[in-house]
Amino acid sequence: MRAFGSVGGEPVFVQRAQGPFLYGADGAAYVDYVGSWGPMIVGHAHPDVVAAVQQAATLGCSYGAPTAGETDMAEAIADAFPSMEMSRLVSSGTEATMGALRVARGFTGRDLIVKCVGGYHGGADYLLVKAGSGLATLGEPDSGGVPAAIAATTRLIEYNDVAGLAALFAAEGQQIAAVIIEPVAGNMGCVPPDAAWLTALRALTREHGALLILDEVMTGFRVARGGAQALYGVTPDLTCLGKIVGGGLPVGAYGGRRDVMSKVAPLGPVYQAGTLSGNPLAVAAGLTTLGLLRQPGFYEGLEASSAALAAGIEEAAAAAQVRVRVQRVGSMLTVFFTDEPVRDWPSAARCDRGAFAVWHAALLANGVYWPPSQFEAAFVSAAHTPATLATTLAAVAQAFAAVRAQSPKE
Ligand SMILES: *Cc1c(COP(=O)(O)O)cnc(C)c1O
């Protein structure tokens, strides 16, 4: 992703960022819709977050011992995510999913895990199987270096495929430890879940004694303060968090049902540890960010600007006669170059990636830093003002004109 492999061209080397803007090493300014792939929901270098990190640094960078801040963080998480009765802080989303899956296997005594084609859950071996944007873009469904025996503990289903899920549980339900999904898919582009799919996931896992893990590393504190589980009213057994929860510093968390999390050492036999877990600088940035999200009207404002952006993009596409589907949940959105709804990996893969690359290059040339892949979500932050949105939409109009100019004449 960072190499701009799927869109071609040179990646921007970043010198600094402020509010909604990124500044390249050459001094060029961009309106940023990547937001470090999700964490920067209050904008870059928010003064409160910067001050909290500076203050924490004066007290020492890491102790490898418990702190009150870490407990405050677990409480702030439980306040927004009531299903996370107990949680563990780690240093990345990858560590959060690894921890959640290990405890799911330890709790159930089963080995198999189920994930979606096009679902990305971090860099663990058994999760790098048909894992969405980064790998999809490279055209490799799998990663080198993953032992076949480990990949063989992973089962795949298509996103939103209730029948496929039911068939899998009918065949192997007794060996399945957990199903892990992105409750709004973000790593094949923004794909919302069908209500029936979430209902089936909850019912089938429960019926077969498997755990439902919602990977809310991207959606947590993003699509709503309480994540997708609050938005759609689904209660998982375990939840994974990352990105926003660290406010731009390295934090992840996993947690859930007390009886399940009680299997984690030292209460139980499932080992998990990290030298920098609950790091005081990272916790300071995260707690300050979570505090800012509690300001009245925060999510309403984000929804309004995200809706305006999506509507403006649709209008500009129509004006240029370019067919796109803008899919959005809250402040995450993807502009798919297709005329059919995208609801799973096969429909995402049918998008016109060449047209996307032209659009992306034109946006960049006009000062808009959009995720460099058809299969990623863009993020709006609270720092994106009406003025920055207007600048963006002017660039968007030019980008659609560039796509139109390159498309075959009818
Ligand atoms: C980003 C992401 C991860 C991995 O988090 P890292 O902090 O990059 O390790 C896991 N799951 C989802 C849904 C993500 O978007």
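Biologist: How does α1 pass α10, in a left-handed or a right-handed crossing?
Modeller: α1 passes α10 in a right-handed crossing. Keep in mind that this is a predicted model.

Biologist: Which residues are in those two helices, and at what angle do they pack?
Modeller: Helix α1 covers residues 47-58 and helix α10 covers residues 280-292. They pack at an angle of about 150 degrees, and their axes are 8 Å apart.

Biologist: Why quote both an angle and a distance?
Modeller: Because two packed helices are described by the angle between their axes and the distance between the axes.

Biologist: Roughly parallel or roughly antiparallel, then?
Modeller: Angles over 145 degrees count as roughly antiparallel, so α1 and α10 are roughly antiparallel to each other.

Biologist: Now the backbone. What is the phi of Ala45?
Modeller: Ala45 has a positive phi of about 50 degrees, although Ala45 is not a glycine. Most residues other than glycine have a negative phi. Ala45 sits in the loop between β3 (29-32) and α1.

Biologist: And the peptide bond from Ala265 to Pro266, cis or trans?
Modeller: That bond is cis, with omega near 10 degrees. Most peptide bonds are trans. As for its place, Pro266 is in the loop between α9 (258-261) and α10.

Biologist: Change of topic: the ligand. Which residues surround it?
Modeller: Ser92, Gly93, Thr94, Tyr120, His121, Gly122, Glu182, Asn187, Asp215, Val217, Met218 and Lys243.

Biologist: How does that shell split by class?
Modeller: Three residues are nonpolar, six are polar and three are charged.

Biologist: What is an oxygen atom of the ligand 2.6 Å from?
Modeller: An N or O atom in the side chain of Lys243. A polar backbone atom of Gly93 is 2.8 Å from an oxygen atom of the ligand. A polar backbone atom of Tyr120 is 3.4 Å from a nitrogen atom of the ligand.

Biologist: How much of the ligand's area does the protein bury?
Modeller: Taken alone, the ligand exposes 380 Å², and the protein buries 83% of that.

Note on methods:
Residues numbered from 1 in each chain as written. Predicted model: local features only at pLDDT ≥ 70, side-chain atom pairs only at ≥ 80, totals over all residues. Heavy atoms only, no water. Near = heavy atom within 4 Å. Polar contact = N/O pair within 3.5 Å; in protein donor to acceptor, adjacent residues only side chain to side chain. Areas by Shrake-Rupley, 256 points an atom, 1.4 Å probe, with all protein chains shown as cover. Nonpolar A, V, L, I, M, F, W, Y, C, P; charged D, E, K, R; others polar. Axes fitted to C-alpha atoms, helices over the stretch in contact; angles between N-to-C directions. Helix = DSSP H or I, 4+ residues; strand = E, 2+ residues; numbered from the N terminus. Parallel < 35°, antiparallel > 145°, perpendicular 65-115°, else oblique. Left-handed = near helix turned anticlockwise from the far one by under 90°.
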